Every structure is written in structure tokens, then in C-alpha cells.
Amino acid sequence: MRDPDQIITIDAQLNNWGSSIVTDDYFFEHPQYVIDYTPIWTLSDEEESNSFNSDISEESRILINAIELETKDKLIPAIKLYEHIIKKYVDTPEYYVAMARLPYLYEQAELDNNVLIALYDEALNSDATTHKKFFKGKKVATHIKGKRYDDAITLAEEMKAEAAFEEEIVLAEINITLANLLKDTESKSASGVNHYSNLRNLLSKLGGSEIIETPSDITESVLPKEIQLYQNYPNPFNPVTQIMFDLVKTANVKLNVYNVNGQLVAELANGIMNAGNHSVDFDGSKLNSGIYYYSLEVDGSAITKKMVLTK
């Protein structure tokens, strides 16, 4: 007779069960079973026929599945899928979305966020990851949420020393001030420093708008040499991101945003635009979390890139 406390591992690699027949819920509701498999999100026949869906990678499908579980408040299954992405698809856009979502889910599920610190340290020490500042920022925020204020201050001071832009310095100072404010509040000690006022001033400074003058005598020598569509920033984003592109000459331009089903969700530009550098803000506040594509069409030629909206 089987021991009721025995853990049974089910080896089910490369199985494709679909999204409506077998789900993660069974295995997470029966903790004596551990399933070792790569979760697959199956598209409908209508979706499969769409040209956009034919380009969806496995990691993108898993991410869509994780976001769907999260929206249904199935926290543990969503966490498992995000952790799977982090393990298997390092340095992809989906990897960074998973890293960005885990802190919120860990907090909601009341899990130990020291596990997140270990993930960030692993990413920082890895040669495979490229956005080291992202992980340091997440690490600072996680230390603050875990009430490890001194650790947060030390790391934020390090980020301030490494900052390449004024905005990065201000963000580091905000984290330092916030950590000191919370530390003083919890210890009920008065340091003599008005951290609240400092924080308010820093936030005002960060939100302030400075007009950057550009020379009016731009010559041909400084115009772009080729048409380019850049990766949106920030990415992942919530809810606003900036899309930049270059034009080598005056041209008829269309800049559109599509969902994974190929449906148009936003028209950002449509008309004649001059040669030079351009930027357009995209507000996804009315859209659901997920993967979207933005496409730049110039005189009949198109360039398409992927971006991720997280809420």
C-alpha cells in the first residue's frame, strides 16, 4: 500500500494537453504529485490561422498562460509558470516580465521574498543576463518590502555611484530616502532629518519636465543613415512606453500596435513625416496585460517588434 505522504513525480515532458482539458490546477491542488513538464498553451484553429500567432514562441505562450492564471487569482500556478520561464528562457523579454511579476505575487501569496533575492543575485552573477541595473533595482525594492532597510540603502548607494544619468541618481536617492523614512518610522526614532519632505522634493524633481533645446540648423550629415525601429522603453511597461524610430527622408509613415491575434489595437501615426528622429508614446491603460506587436510601415516596407504590457 502506498504511503500517503509519498511524493510522486510525473514525468510528462513534451506533452501537449491544450488549455481547456488539463491544467496546472489539478497538480497544485493535490500536493502529493509533482509534475515535471513544459506547459503548452494551445491556440484555437482560428488563432492558428493567423500570421501573428504563427510567430509566437513557446516562452510567449507560457507567459500568456501565466498572465491568464494571475488574472484569475491563481497565484501559485502563475508563480510556477513565471519561475519556469526564468529557469528556461534567460534574458528574453518574457524572462524580464516574469522577474517583474514575481515580487507582487510573492507578496500576495505571503511567500518569503528572500527567494527573490537569490534569483536576482543569480541573474547579477550570470554572464547570460544583460540588464544588470534592472536586477539591482528589483533587489532594492525587495529589500525594502522585506524590511531589510540597511541592505536596501547600501545597494541604492551603489546604484547612485554607478548612475550614468541624472534620472538614475534621483531614483537611487528616492530609494535611499524611502528606506530611511521607513526605518525611522518602525524604530520610532527621530533622526532629525525630514525624510518625508526630502522624498516629496525628489519625486517632484523626477516628475519635472525640462525643455531640451535642439539646434534649428540640422544638416544632412546628422540625419539618420537608415530607417530604424527601436525597442520600446521601458519594456515591460505599465501603462505607458515610448517607441522611437528614425527616418532617412520625408515619407508616408504608419505606426500601429497589434495584439497577438493580429487585431489592430492602436494607430500611433499615419501620414507624412519628416526625416530625422521621432518618438511616440503608447498608452496601454485600456488594454489587458500581455504581448503586443508594434509595426512601422514606411513607403510599403514594414518593421515589427514585440513589447509586453504588465499590470
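Which residue in strand 8 is the bridge partner of L255? It's L296, and the close-ups below show where that pairing sits. This is a predicted model, so local features need pLDDT of at least 70 and side-chain atom pairs count only at pLDDT 80 or more, while totals for chains, interfaces and linings use all residues. Residues are numbered from 1 along each chain as its sequence is written, and side-chain values use heavy atoms, with hydrogens and water left out.

**View 1. The whole chain has ten helices and nine strands.** Helices (H or I, at least four residues) and strands (E, at least two) are DSSP runs, numbered from the N terminus. Of the 311 residues, 39% are buried, where buried means under 20% relative accessible area, exposed means over 50%, and partly exposed is in between (1.4 Å probe, protein chains only).

**View 2. Four strands make an open sheet in the order 6-5-8-9, with antiparallel pairing.** Strand 6 (264-273) and strand 9 are the edges, and each pairs on one side only. Two strands count as paired if DSSP finds at least two bridges between them. Strand 5 (residues 251-259) is joined to strand 8 by seven bridges, and to strand 6 by eight. Look for K254, which stands opposite N270 in strand 6.

**View 3. Strand 8 (residues 290-298) is mostly covered.** Eight of its nine residues are buried. Its antiparallel pairing with strand 9 (residues 301-309) runs over nine bridges, and Y293 stands opposite K306 in strand 9. Helix 3 (residues 58-71) lies across both strands, running at about 130 degrees to strand 8. Angles run from 0 to 180 degrees between N-to-C directions, and axes are lines fitted to C-alpha atoms, for helices over the stretch in contact.

**View 4. Strand 8 and strand 9 form a hairpin with two residues between them.** Zoom in on D299 in the turn: its phi is positive, about 50 degrees, although D299 is not a glycine. D299 is partly exposed, with a relative accessible area of 48%.

**View 5. Helix 4 (residues 75-88) packs against helix 5 (residues 93-108) at an angle of about 150 degrees.** Their axes are 9 Å apart, and the crossing is left-handed (the near helix is turned anticlockwise from the far one by less than a right angle; clockwise would be right-handed). Residues in contact have heavy atoms within 4.5 Å. Among them are L75, A78 and Y82 in helix 4, and Y95, M99 and L102 in helix 5. By class, the contact has twelve nonpolar, one polar and three charged residues. Here Ala, Val, Leu, Ile, Met, Phe, Trp, Tyr, Cys and Pro count as nonpolar, Asp, Glu, Lys and Arg as charged, and the others, Gly among them, as polar.

**View 6. The side chain of E107 makes a polar contact with the side chain of K145 (3.5 Å).** A polar contact is a pair of N or O atoms within 3.5 Å; within protein, one must be able to donate a hydrogen and the other to accept it, and residues adjacent in sequence count only if both atoms are side-chain atoms. E107 sits in helix 5 and is partly exposed at 47% relative accessibility.
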